[in-house]
Amino acid sequence: MATSEFARLPGFRDFPPEDFALRAHIQDAWGRVARRYGFHQYDGPPLESLDLYVEKSGEEIVDQLYSFVDKGEREVALRPEMTPSLARILAARSRGMSKPIRWFSIPQLFRYERQQRGRLREHFQWNVDVVGEEGVAADAEVLAVAIDGLRELGLGAEDFAARVSDRRLLSSLLRAVGVAEERLGGAFSVIDKVERLPPETAAELFEREVGLDATGVETVLGLLDAVDLDALFERWGEDERVAPELERFREYLATLDAMGLGAYVQLDLRIVRGLAYYTGIVFELFDRQGELRAICGGGRYDRLLELVGGEPLPAVGFGMGDVVLGELLAERALVPDYEASLDYFLVPVTAAERSMALGLAHDLRDRGHSVSYALREQGVGRQMKSAAREGARTVLVLGPDELARDRVVARDMTTGEEREIALAELS
Ligand code: HAM
């Protein structure tokens, strides 16, 4: 069978070392930042029962599930996101735990997506969640972790921004402009799409799906363009349904300002998030140029734990994928060069020095050095070439004359300088 018949599945990635290095670079930064904020790492199984996602995640994700019936007749699915697993895990064990719970994870997730730039069928996603705290300090803390995750990788306020909103605030505004309670869900799903639609189509959908007349449509579109909380206060600050929501949002923004992160955050009521479980503040992080898909998305989901049978606990968190982020890092020349590197490469000159080389290599490795050598007998020239290819900083040449004096020749591969050193000096 030709090798092409074993081609990688579309939307999946191989990670040869030079690509694995970027994956590790990103994941290491994520882990460092999460720990810096006092989060603890967890994981769950990559396969879950299908039920966990049906209804909890929302239509879009359910349509993209990799699901099948296993040999025990169970309907199962590869995890498309981590939040339902987190809710399931905590539903079973949160009662005895002190709150708030700060957990993070870096699962590989699977979604049968239509292939497009920034979207694959598997990705790694940094999940950071605070469970058991309903105040906006938790929302701000979680967003700060996401922002710092990107700053840790060298990105700044000129590269990306968080677009933030609150489903409660948006609901109160929509009610205030006359959207009926039972039409709120419909309004949210139109708003979720509004950026990708031509204005006439958006207007038509608002009329048809939300029951707004032309003036109503104009008012809602005006609201969605708002970028300034003060302007919303001016217009709606006296409305008793809207005012408390505006106040809460102001406190959220003030918390982020106090952290020194104000420059990364902008109000954007068009952010509602596609997933079904969000209940409050929601956000997405985008590149400033607006060329790429969302880097990160998250928000508050105060009812999910109860929905999966746990104690009713408020929760807030985000997921940040490695695909769009990798593209952005490449665009900004922030991907570190991949270079093979090794502390020592050992070169026995004749077969007689080979067992000495094996002993010395083992010794150096025990001390934490990285060491390699040719796995078969070769001439010194060939061995030196391998040493250079493997990025050795120092080559130790084990020759019969030097060894007779308990010494080896150390060659510095950067300067080309050679000097004799005593074996005792190495160990
Ligand atoms: P999400 O918006 O579906 O949220 O995904 C979060 C991020 O994961 C996206 O912004 C994107 O970077 C990445 N992502 C999603 N799908 C793909 C894909 N097919 N290919 C590449 N990257 C992708 C969630 O999953 C929520 N569970 C996040 C969350 C955690 N909310 C609260 N806690």
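## Basis of the model

The model is predicted: local features need pLDDT of at least 70 and side-chain atom pairs count only at pLDDT 80 or more, while totals for chains, interfaces and linings use all residues. Residues are numbered from 1 along each chain as its sequence is written, and side-chain values use heavy atoms, with hydrogens and water left out.

Helices (H or I, at least four residues) and strands (E, at least two) are DSSP runs, numbered from the N terminus.

## Ligand site

The shell around the ligand has 25 residues, of which E81, T83, L120, D129 and Y278 come nearest. A residue is near a molecule or strand if one of its heavy atoms lies within 4 Å of it. The shell divides into 10 nonpolar, 9 polar and 6 charged residues. In this scheme Ala, Val, Leu, Ile, Met, Phe, Trp, Tyr, Cys and Pro count as nonpolar, Asp, Glu, Lys and Arg as charged, and the others, Gly among them, as polar.

A polar side-chain atom of E113 lies 2.9 Å from a ligand nitrogen atom, and a backbone N or O atom of L120 lies 2.8 Å from a ligand nitrogen atom. For C296, a backbone N or O atom lies 3.3 Å from an oxygen atom of the ligand. Taken alone, the ligand exposes 660 Å², and the protein buries 96% of that. Accessible areas come from the Shrake-Rupley method with a 1.4 Å probe; for residues, only the protein chains shown count as cover. Strand 7, strand 11 (296-300) and strand 12 (315-321) are the elements that give two or more residues to the shell.

Helix 3 (residues 83-93) is mostly covered, with 8 of its 11 residues buried. Buried means under 20% relative accessible area, exposed over 50%, and partly exposed in between (1.4 Å probe, protein chains only). The buried residues of helix 3 are T83, P84, S85, L86, A87, I89, L90 and A91. Their cover includes strand 2 (47-49), strand 5 (101-105), strand 7 (122-131) and helix 11 (304-307).

Helix 5 (residues 167-176) has 8 of its 10 residues buried, so it is largely enclosed by the rest of the structure. R167, R168, L169, L170, S171, S172, L173 and L174 are the buried ones. At the start of helix 5, a side-chain oxygen of D166 reaches to within 2.8 Å of the backbone nitrogen of R168. Just after helix 5, G178 takes a positive phi of about 100°.

Strand 4 (residues 75-78) pairs with strand 2 in the antiparallel sense over 3 bridges, and E48 stands opposite A77 in strand 4. Two strands pair if DSSP finds at least two bridges between them. Strand 3 (residues 67-69) and strand 4 also pair in the antiparallel sense over 3 bridges. The bridge partner of V69 in strand 4 is E75.

Strands 3 and 4 form a hairpin with 5 residues between them. E73, in the turn, has a positive phi of about 65°. At 67% relative accessibility, E73 counts as exposed.

## Two buried residues

D148 is found in helix 4 (residues 136-152) and counts as buried at 15% relative accessibility. Its side chain makes a polar contact with the side chain of Y37 at 2.5 Å. A polar contact is a pair of N or O atoms within 3.5 Å; within protein, one must be able to donate a hydrogen and the other to accept it, and residues adjacent in sequence count only if both atoms are side-chain atoms. Leaving aside neighbours within four places in sequence, D148 is in contact (heavy atoms within 4.5 Å) with V33, Y37 and L261.

M320 lies in strand 12 and counts as buried at 0% relative accessibility. The C-alpha atoms of M320 and W126 are separated by 5.0 Å, although these residues are 194 residues apart along the chain. Leaving aside neighbours within four places in sequence, the contacts of M320 include W30, F124, W126, A146 and C296.

## Backbone geometry

Most residues other than glycine have a negative phi, and most peptide bonds are trans. A cis peptide bond joins K99 and P100, with omega about -5°; P100 is in the loop between helix 3 and strand 5. A333 has a positive phi near 55° and lies in the loop between helix 12 (322-331) and strand 13 (342-348). A333 is exposed, with a relative accessible area of 66%.
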